[in-house]
Amino acid sequence: MEPLLLPPIKDLHRIEVYEAHGGYAMLRKALAMKPEEVTEEVQKSNLRGRGGACFPTGLKWSFMPRGTDKPKYLIVNGDESEPGTFKDRQIFEFNPHLLIEGAAIAAYAIGAETVYLYIRGEYARWIKLMQQAVDEAASRGYLGTGVIGSEATIRLYVHRGAGAYICGEESSLMNSLEGDRGYPRVKPPFPAQNGLWGCPTTINNVETIANVPLILRMGAAAYAAIGAPKHPGPILVGVSGHVNKPGVYELPTGVPLLEIIHGYAGGVPGDKRIKAVIPGGSSTMILRGEELEGVCMDADSLKAAGSAVGTAGLIVMDEDTDLIRVITRITAFYHHESCGQCTPCREGTGWMHKMLKRFEASEATEGDIDLLLDVANNIEGNTICALGDAAAWPVQSMIKRFRGEFEKRLKHGSRKPAGETAAA
Amino acid sequence: MFSDEQRTRIRELTKRYQRPQAAILEALWIWQETHGWISEEGMRAVAELLELPYHHVLGVVTFYTMFNKKPVGRHKIEVCTNVSCMLRNSDRILRHLERKLDIHAGETTPDNRFTLVEAECLGSCGTAPMMQIGDDYHEDLNEAKVDAILSNLS
């Protein structure tokens with residue numbers, strides 16, 4: 001597949017280069033369509049969100065009420081913070097106008113006059129690049145009042161975050177944008193009914209929005225034919241960890257993980273065996289290396305394998321990796337990032353982290369494995385937002401698929417001989 | 001205090017939003033860029049300008065890791081130690097910095113030149129290990145590269 005999101009065109013971030021390659025023609029095309037026709041086209045393309053949840057984008061747009069006198073908003077989520085994820089950054093750097101064009105088309109489709117592009121605060125350099133691109137787009141009439149001679153008004157503001165993983169969660173992001181602490185909100189109501197300042201709001205990931213002009217250019221049917229039928233399109237796969245050529249690869253969905261690792265990412269250094277992979281960012285369930293045959297980078301295949309495509313941030317671990325150290329570090333992260341609203345997450349993530357440190361130090365006792373699993377199970381599904389689940393899944397899957405690693409780290413002599421009862 | 005120019009800039013930024021409070025992060029950024037950290041004076045200045053209670057500003061400042069709640073050195077070095085960096089030996093980079101600067105992560109050198117901290121994932125997983133100094137990312141690090149980067153700092 002020719003790269004569509006990140007085509008190898010020199011200086012594509014410059015607006016004149018982007019225009020020379022057909023840039024902003026799809027905004028023109030969209031403005032000549034009815035907004036609902038644009039939404040329909042995106043629905044037909046089967047584009048699914050690239051921020052982790054894989055929700056159908058066109059369907060999400062269709063939830064936006066027509067006939068309301070409240071202002072409507074589009075938020076583009078560029079808070080990219082899931083460990084192992086570094087893809088949206090490539091769009092900011094190499095194809096910012098594709099993102100702006102997609103955002104303008106999406107805003108038109110849902111009837112929003114204002115777009116906020118929320119970018120994580122640490123991406124200072126990319127915030128500057130995006131701001132430059134936004135200013136250029138506005139100076140050429142692609143943003144502002146009466147976009148390229150139409151009736152549409154579309155304003156786009158870059159909004160800088162300040163360091164909080166939770167703000168990538170859509171309701172937390174809205175609170176952060178409004179100037180409150182970034183606490184997640186209880187859903188329902190959903191953002192399309194009651195979002196930013198209580199107004200109808202759609203929140204889409206950066207990569208998702210960058211796909212929108214491609215759909216209009218190719219047509220929904222041709223787009224839907226790329227990659228995995230139920231989760232089609234190009235996808236930015238970020239490969240990190242123990243590979244020879246880590247980086248972001250633009251691929252059609254549905255490429256086998258082993259082909260990504262050995263083909264695109266150049267294999268494992270020293271030709272070592274793959275012990276484990278985390279397929280879609282740190283919150284997705286870990287898979288054993290020997291279970292990867294036939295597993296592909298798309299929503300259905302990874303779900304069937306007992307994990308998820310998430311943000312397609314593929315983390316590869318070779319045979320020498322200390323997985324207890326890995327899970328302890330991941331859990332430390334979720335503990336640090338828990339916003340503290342919900343008790344199961346606030347207390348549970350810290351509890352899991354403390355227990356995992358006991359395993360790390362080979363100080364754990366036999367009952368600790370099941371206790372750890374019990375704590376994880378009591379977090380999952382019992383919190384306002386998905387951070388609790390995101391903290392529980394890696395622990396649950398690590399115990400399920402690598403229980404032996406935990407058993408090896410029990411305190412010497414604490415393991416009961418087989419057949420002995422707990423009471424003995 | 002904010003300068004007149006800064007006050008005008010922040011007031012201009014509030015127009016982007018339905019409610020002026022939404023400019024709070026921008027206002028705090030402007031304060032931190034000027035003073036290096038967010039003091040009580042800074043929070044009171046933001047509160048006054050955006051007509052918010054002081055406790056609201058305090059609540060927001062303490063929610064975000066990037067706002068410095070106490071003074072930091074001239075260069076704040078943040079080493080990512082999250083999973084992708086860890087797999088590519090970020091602990092060696094952190095230890096090297098601790099030895100070189102003779103401080104632990106979380107501390108500032110006595111001459112106030114450097115503050116060293118451990119950071120969560122900064123989105124450089126494909127170019128790990130990495131560190132951020134101020135606004136700049138330094139990627140694909142090894143010990144020698146770290147030395148060269150530090151020697152170029154004032």
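Reader: How many residues of domain 2 of chain A are in contact with domain 3 of chain A?
Author: First, this is a predicted model: local features need pLDDT of at least 70, side-chain atom pairs count only at pLDDT 80 or more, and totals for chains, interfaces and linings use all residues. Residues are numbered from 1 along each chain as its sequence is written, while chains are lettered from A and ligands numbered from 1 in the order in which they are written. Two residues are in contact if their C-beta atoms, placed from the backbone, lie within 7 Å, and the domain bounds come from an automatic or database assignment. With that in hand, domain 3 of chain A puts in 10 residues and domain 2 of chain A puts in 8 residues.

Reader: How many nonpolar residues has the side of domain 2 of chain A that touches domain 3 of chain A?
Author: Here Ala, Val, Leu, Ile, Met, Phe, Trp, Tyr, Cys and Pro count as nonpolar, Asp, Glu, Lys and Arg as charged, and the others, Gly among them, as polar. By that sorting, this side of domain 2 of chain A has 1 charged, 3 polar and 4 nonpolar residues.

Reader: How far apart are the centres of domain 2 of chain A and domain 3 of chain A?
Author: Chain A is divided into domain 1 (15–224), domain 2 (234–318) and domain 3 (323–407). Taken over C-alpha atoms, the centres of domain 2 of chain A and domain 3 of chain A are separated by 23 Å.

Reader: Which edge strands of chain A pair on one side only?
Author: Strands (E, at least two residues) and helices (H or I, at least four) are DSSP runs numbered from the N terminus, and two strands pair if DSSP finds at least two bridges between them. In chain A, 5 strands make an open sheet with mixed pairing, ordered β6-β5-β9-β7-β8. The strands at its edges are β6 (247–252) and β8 (287–288).

Reader: Are α13(A) and α14(A) roughly parallel or antiparallel to each other?
Author: Axes are lines fitted to C-alpha atoms, for helices over the stretch in contact, and angles run from 0 to 180 degrees between N-to-C directions. Helix α13 (residues 323–337) and helix α14 (residues 343–360) of chain A pack at about 155°, with axes 9 Å apart. Angles under 35 degrees count as roughly parallel, over 145 as roughly antiparallel, 65 to 115 as roughly perpendicular and the rest as oblique. So α13(A) and α14(A) are roughly antiparallel.

Reader: How many residues of the contact of α13(A) with α14(A) are nonpolar?
Author: On the α13(A) side, the residues making the contact include A:I324, A:I327 and A:Y334, and on the α14(A) side they include A:M352, A:L356 and A:F359. The whole contact divides into 3 charged, 6 polar and 7 nonpolar residues.

Reader: Which residues of α9(A) make the contact with α3(A)?
Author: Helix α3 (residues 35–45) and helix α9 (residues 206–218) of chain A cross at roughly 95°, their axes coming within 10 Å. These two helices, α3(A) and α9(A), are therefore roughly perpendicular to each other. From α3(A) come A:E41, A:V42 and A:S45, and from α9(A) come A:V212, A:I215 and A:L216.

Reader: What element gives the largest share of the side of chain B that touches chain A?
Author: The contact takes 42 residues from chain A and 32 residues from chain B. On chain B, α2 (24–35), α4 (54–61) and α5 (83–86) each supply at least two residues. The largest share, 4 residues, is from α2(B).

Reader: How far apart do the C-alpha centres of domain 1 of chain B and domain 2 of chain B lie?
Author: Chain B splits into domain 1 (4–61) and domain 2 (75–151). The distance between their C-alpha centres is 30 Å.

Reader: Where is the place of B:P129?
Author: The peptide bond from B:A128 to B:P129 is cis, with omega near -5°. In chain B, B:P129 sits in the loop between β2 (114–119) and β3 (131–133).

Reader: Which residue of chain A does a cis peptide bond join to A:P188?
Author: Look in the loop between α8 (170–178) and β4 (201–205) of chain A, where A:P189 has its place. There, with omega about 5°, the cis peptide bond links A:P188 to A:P189.
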